[in-house]
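Here is a short report for a reader new to this structure. Look at the sequence and the model, then read on.

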Amino acid sequence: MSTENEGTAVPPAPSAPPVPVASPAASPQAAAADGGAPTTPLPTTPPGAPEQGVAPGAHAPGGPSDGPQGPGPAPDGSWPPPPPATPSYADGGAGAGSGGWGSSYQQPAPKPRNGRGGMVAAVLVAALVAGGLGGGLGYTLAKNNDDTGSTTVSASDSSAAQVKRSPGTIAAVAAKALPSTVTIEAESTSGEGGTGTGFVFDTQGHIVTNNHVVADAVDGGKLTATFPNGKKYDAEVVGHAQGYDVAVIKLKNAPSDLKPLALGDSDKVAVGDETIAIGAPFGLSNTVTTGIISAKNRPVASSDGSATSKASYMSALQTDASINPGNSGGPLLDASGAVIGINSAIQSSSSGGLGGSGQSGSIGLGFAIPINQAKYVAQQLIKTGKPVYAKIGASVSLEEGSDGAKITDTGASGAAAVESGGPADKAGLKPGDVITKLDDSVIDSGPTLIGEIWTHKPGDKVTITYKRGGQEHTVQLTLGSRAGDN
């Protein structure tokens with residue numbers, strides 16, 4: 001499934017996603033879509049997207065496309081490939097429209113005097129007298145009623161102040177989590193950028209967010225993080241992973257009292273579980289919304305929808321919690337307040353959004369990167385500054401269909417489709433084979449296969465089910481690794 005990273009449309013999801021997978025982002029100060037924006041809607045595959053791409057193998061992976069799966073030219077060597085029809089990131093910026101809130105009031109010019117002035121004055125005097133009389137009578141009647149008793153009861157200030165909310169309430173969870181979330185503003189050297197969200201990962205000042213939220217600030221741009229209490233810190237990018245759409249930034253002169261959010265176990269999440277999302281939709285920082293887990297393991301390829309955008313792949317958690325541009329990078333919490341995902345993309349039904357930003361809003365289809373995967377990626381970025389991807393060592397078609405992920409005849413730049421000595425080669429896979437399952441997950445396309453492989457770590461053993469000549473075969477292989485996005 002393709003989506004937009006809050007703010008841009010994303011390619012359609014695969015027809016048969018494995019079923020048991022946001023950033024999404026609007027900037028309060030700029031109508032930027034993703035580069036600085038955080039969550040993204042699921043956009044459709046952009047025109048001109050390649051029919052084939054590279055699977056997480058020896059060659060660079062690419063973005064999914066909308067056409068039916070079939071043979072075609074091998075993908076080029078660039079990675080990631082152009083964005084598929086994917087959901088857009090959940091971020092962007094809210095622009096100011098004319099005549100909207102905040103427009104100045106222009107007092108009308110005084111009208112010329114005429115012979116009616118005296119009459120108007122007389123009428124006004126009469127009105128004032130009547131008003132005074134009415135006010136006096138009203139006060140007298142009210143006083144008399146008070147003397148005979150009242151049917152209303154007002155809460156005392158002391159009792160209102162003593163209202164307590166149990167730990168399990170949404171209000172209590174939000175009150176505890178909000179101080180550990182930040183609104184991120186990313187600005188490129190050319191002044192372009194947007195707004196997204198992030199959350200405290202550790203006491204050293206590391207903040208986890210989406211790659212597309214901080215992309216504008218990667219090469220010499222400006223990056224700031226603002227806490228709900230108004231304290232603002234300059235920050236720098238520690239590492240970013242385009243394919244995973246995960247990034248880690250670090251606060252400069254970080255405070256000593258940082259409280260990291262507790263991380264949950266996304267593998268144990270169940271459909272129907274309550275969810276709480278925190279972010280800055282359309283620049284409205286510290287916004288809390290609620291919903292449920294609508295689905296798990298939803299195959300999503302997301303991008304900002306631009307011609308130069310590169311796709312990210314995930315086996316996402318789907319939620320109906322309201323997520324809009326600006327939510328990208330924010331935490332998706334469970335009912336206990338533990339982080340179970342990072343809001344990254346949204347599926348939108350149309351373009352256009354609040355404030356004339358040109359971005360779509362929530363229709364109840366939000367997607368989050370499972371925290372188990374995001375945690376692993378974040379730790380790698382903090383440790384080495386580069387992401388590490390699992391791979392099978394084979395190039396597959398990126399066309400979306402319902403038959404599986406087909407290994408192409410040739411790889412990127414004319415290289416072999418199956419890497420010599422790689423995992424797929426050792427397992428006996430060949431060009432033309434169609435992979436239909438990875439462990440128990442159904443594979444209906446190349447993008448789905450990529451998303452599933454990337455939920456694993458290099459060295460993991462997986463079972464591959466594939467078809468060759470109409471016959472089904474099963475084989476085990478050990479996933480290899482590739483460092484960096486290039």
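## A buried tyrosine

Start with Y389. This is a predicted model, and in it Y389 is buried, with a relative accessible area of 0%. The cut-off for buried is under 20%, so Y389 falls within that class.

## Aromatic pairs

How many aromatic pairs does the structure hold? There are five. In one of them, the rings of Y244 and Y389 have centres 4.4 Å apart. Their planes meet at 15°, so this pair is stacked. The partners come from distant parts of the chain, 145 residues apart. Y244 sits in the loop between β8 (232-241) and β9 (246-251). Y389 belongs to strand β16 (residues 388-391). Y244 is buried too, at a relative accessible area of 2%.

Another pair joins Y313 and W454. Ring centres here are 5.8 Å apart and the planes stand at 75°, so the pair is edge-to-face. Y313 lies in strand β12 (residues 312-319), while W454 lies in the loop between α7 (446-453) and β20 (461-468). The pair therefore ties together parts that are 141 residues apart in sequence. Y313 is buried, with a relative accessible area of 1%. W454 is buried, also with a value of 1%. Ring pairs link Y244, Y313, Y389 and W454 into a cluster.

## Salt bridges

The count of salt bridges comes to two. One joins K391 and E419, whose closest N and O atoms are 3.1 Å apart. K391 is in strand β16, and E419 is in the loop between β17 (405-406) and α6 (423-426). These distant parts of the chain are 28 residues apart. Is K391 buried or exposed? K391 is buried, with a relative accessible area of 12%. E419 counts as partly exposed, at 24%.

D433 and R468 form a salt bridge as well, with closest N and O atoms 2.8 Å apart. D433 sits in the loop between α6 and β18 (434-438). R468 is in strand β20, and 35 residues separate the two. D433 is buried at 2% relative accessible area. R468 is partly exposed at 30%.

## Nonpolar cores

The largest nonpolar core has 57 residues. Which of them touch the most other members? They are L333, I392, I435, L449, I453, I464 and L477. Helix α5 (residues 371-384) gives the largest share of this core, six residues.

Take I435 as an example. Setting aside neighbours within four places in sequence, I435 has contacts that include I392, L449 and I464. G404, A405, L429, I443, T465 and Y466 are also in contact with I435. A second, separate core holds 17 residues, among them V200, I207, V213 and V214.

## Confidence

How confident is the predictor? The mean pLDDT of the protein is 75. Of its residues, 62% reach 70 or more. Among the elements, strand β6 (residues 206-209) has the highest mean pLDDT, 98. Helix α1 (residues 117-148) has the lowest, 42.

Two stretches call for a separate look. Over residues 7-86 the pLDDT is below 50. Beyond near neighbours in sequence, this stretch has 521 contacts in the model. Over residues 351-358 the pLDDT stays under 50. For residues 351-358 the model has 20 contacts beyond four places in sequence.

Methods:
Residues numbered from 1 in each chain as written. Predicted model: local features only at pLDDT ≥ 70, side-chain atom pairs only at ≥ 80, totals over all residues. Heavy atoms only, no water. Phe/Tyr/Trp six-rings, centres within 6.5 Å; stacked < 30°, edge-to-face > 60°. Helix = DSSP H or I, 4+ residues; strand = E, 2+ residues; numbered from the N terminus. Buried < 20%, exposed > 50% of the residue type's maximum accessible area, 1.4 Å probe, protein only. pLDDT = per-residue confidence, 0-100. Contact = heavy atoms within 4.5 Å. Salt bridge = Lys/Arg side-chain N within 4 Å of Asp/Glu carboxyl O. Core = buried A, V, L, I, M, F, W, Y, C linked by side-chain atoms within 4.5 Å.
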